[in-house]
Amino acid sequence: MGFLSNLFGGGKKVEEVNDANAQALKQFFKENLPSEFINSAKYAISITQGDKGYEARINMDMTADGSAYDGFAKENFAELADWESERVFDLLPAPPVTVTVIFDMDFGGKNKVTMNRGRLLAK
């Protein structure tokens, strides 16, 4: 299984970074993301080192503000995730270090959409 896992991309695990820059990024997101996301029990952030520097993967609970998504189709979640992640990304000022921002938008149940919003350049 190890050989097949490596062959098909499952073998390389990305390690979370916990240096001063990663800590500064975590604080930056805590201070700048809307409070309903930060205060959710589902909020999580992972800082890793990617090909182009730091990457922040942020789990955002889209039900934290009381929204319910009953009756939504898959394509509705994709459209909403695109719109909402762009709105939140546009709220973020320049971070302490350049970072690529990836949002894992959790709409409840199995309804999760990952959005790579791109890079935020350091101030």
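Biologist: What makes Phe77 count as buried?
Modeller: Its relative accessible area is 3% in this predicted model. The cut-off for buried is under 20%, so Phe77 is buried.

Biologist: How many aromatic pairs does the structure hold?
Modeller: There are 6 aromatic pairs. One of them joins Tyr69 and Phe72, with ring centres 5.3 Å apart and planes at 90 degrees.

Biologist: Why is the pair of Tyr69 and Phe72 called edge-to-face?
Modeller: Centres must lie within 6.5 Å for a pair, and planes over 60 degrees apart count as edge-to-face. Tyr69 and Phe72 stand at 5.3 Å and 90 degrees, so the pair is edge-to-face.

Biologist: Why is the pair of Phe72 and Phe77 called tilted?
Modeller: The centres of Phe72 and Phe77 are 5.5 Å apart, with 35 degrees between the planes. Stacked needs under 30 degrees and edge-to-face over 60.

Biologist: Which residues do ring pairs link into a cluster?
Modeller: The cluster consists of Tyr69, Phe72, Phe77 and Phe107.

Biologist: What puts the buried residues of H4 on the same side?
Modeller: The buried residues of H4 are Phe77, Ala81, Glu84, Ser85, Val88 and Phe89. They cover an arc of only 135 degrees around the axis, and therefore sit on the same side of H4. In general, an α-helix has 3.6 residues a turn, so residues three or four places apart point the same way.

Biologist: Which exposed residues does the face of H4 turned away from its buried side carry?
Modeller: Glu75, Glu79 and Asp90 are the exposed residues there. On the buried side of H4, the cover includes H3, S2, S3 and S4.

Biologist: How do you know that the reach of H4 is close to what is expected?
Modeller: H4 has 18 residues and reaches 26 Å from its first C-alpha to its last. The value expected at 1.5 Å a residue is 26 Å.

Biologist: Which residues touch the most other members of the largest nonpolar core?
Modeller: Of its 31 residues, these are Phe29, Leu33, Ile58, Val99, Val101, Phe103 and Phe107. At least two core residues come from each of H2, H3, S1, S2, H4, S3 and S4.

Biologist: What does Val101 touch, not counting residues up to four places away in sequence?
Modeller: Val101 touches Phe29, Ala56, Ile58, Phe89, Met115, Asn116, Arg117, Gly118 and Leu120.

Biologist: What makes Gly53 count as buried?
Modeller: Gly53, in strand S2, has 19% relative accessibility. The limit is under 20%, so Gly53 counts as buried. Gly53 and Thr100 are 47 residues apart in sequence, yet 7.8 Å apart in space, C-alpha to C-alpha.

Biologist: What pattern does the protein follow along the sequence?
Modeller: The pattern is α-α-α-β-β-α-β-β, made up of 4 helices and 4 strands. Among contacts between residues at least 6 apart in sequence, 62% join residues at least 24 apart. Buried residues make up 37% of the 123 residues.

Notes:
Residues numbered from 1 in each chain as written. Predicted model: local features only at pLDDT ≥ 70, side-chain atom pairs only at ≥ 80, totals over all residues. Heavy atoms only, no water. Buried < 20%, exposed > 50% of the residue type's maximum accessible area, 1.4 Å probe, protein only. Core = buried A, V, L, I, M, F, W, Y, C linked by side-chain atoms within 4.5 Å. Contact = heavy atoms within 4.5 Å. Expected span 1.5 Å × (residues − 1). Arc of directions from axis to C-beta.
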